[in-house]
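Hi everyone, thanks for coming. Let me put the structure up on the screen, and then we can walk through it together.

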Amino acid sequence: MSTPPDGLPVYRVLTGPDDSAFCRRVSEAIALGYALYQGPALTFDGERVIVAQALLWPART
């Protein structure tokens with residue numbers, strides 16, 4: 001498949017609290033065929049850790 005399914009963009013950034021639900025979202029994107037783009041970014045909002053993970057759809061040539 002040369003394009004992401006369901007009209008999803010080639011580049012995505014998932015964000016949310018650093019919990020199992022976020023990990024599942026990233027895992028689902030990887031299962032669709034996305035690849036992690038570098039490492040995650042983390043911040044603290046005063047109550048919890050918030051994470052952002054960029055993902056790229058691999059280029060097909």
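Let's begin with a term: two residues are in contact when they have heavy atoms within 4.5 Å of each other. With that in hand, take Val26, which touches Leu14, Leu36 and Gln53 once residues up to four places away in sequence are left out.

A quick word on where this comes from. What you see is a predicted model, in which local features need pLDDT of at least 70, side-chain atom pairs count only at pLDDT 80 or more, and totals for chains, interfaces and linings use all residues. Residues are numbered from 1 along each chain as its sequence is written, and side-chain values use heavy atoms, with hydrogens and water left out.

Now the overall layout. The protein chain has one helix and three strands, and from the N terminus on, the order is β-α-β-β. Those elements are DSSP runs numbered from the N terminus, with helices being H or I runs of at least four residues and strands being E runs of at least two. Along its principal axes, the C-alpha trace spans about 45 × 20 × 15 Å. Among contacts with a separation of 6 or more, 56% are made by residues 24 or more positions apart.

How much of the chain is buried? Of the 61 residues, 25% are buried. Here buried means under 20% relative accessible area, exposed means over 50%, and partly exposed is in between, with a 1.4 Å probe and protein chains only. The accessible surface comes to about 4,300 Å², and 56% of that belongs to carbon and sulfur atoms. These areas come from the Shrake-Rupley method with a 1.4 Å probe, and for residues only the protein chains shown count as cover.

Let's go inside. In soluble globular proteins, nonpolar side chains tend to be buried together. Which residues form the largest one here? There are eight: Leu14, Phe22, Val26, Ala29, Tyr34, Val51, Leu55 and Trp57. Helix H1, residues 20-32, and strand E3, residues 49-56, are the elements that give two or more residues to this core. H1 gives the most, with three.

Next, please find Gln53 in strand E3. Is Gln53 buried or exposed? Gln53 counts as buried because its relative accessible area is 5%. Beyond its neighbours within four places in sequence, Gln53 has contacts that include Arg12, Leu14, Phe22, Val26 and Leu36. The side chain of Gln53 also reaches the backbone oxygen of Gln38 at 3.3 Å. That is a polar contact, meaning a pair of N or O atoms within 3.5 Å; within protein, one must be able to donate a hydrogen and the other to accept it, and residues adjacent in sequence count only if both atoms are side-chain atoms.

Gln38 itself is in strand E2, residues 35-44. Gln38 has a positive phi of about 60 degrees although it is not a glycine, and at 61% relative accessible area it is exposed.

Over to strand E1, where Gly16 lies. Gly16 is buried, at 12% relative accessibility. Where does Gly16 sit relative to Val51? Their C-alpha atoms are separated by 5.6 Å, although the two are 35 residues apart along the chain. Gly16 touches Val51 as well as Phe22, Val49 and Ile50, not counting residues up to four places away in sequence.

Finally, charges. Side chains of opposite charge can pair when their charged atoms come close. A salt bridge here is a side-chain nitrogen of Lys or Arg within 4 Å of a carboxyl oxygen of Asp or Glu. How many are there by this rule? The count is one. The partners are Arg48 and Asp45, whose side chains meet at 3.4 Å, N to O. Arg48 is partly exposed at 44% relative accessibility, and Asp45 is partly exposed at 43%.

That's the tour, and I'm happy to go back to any part of the picture.

Methods: A nonpolar core is a set of buried Ala, Val, Leu, Ile, Met, Phe, Trp, Tyr and Cys residues joined through side-chain atoms within 4.5 Å.
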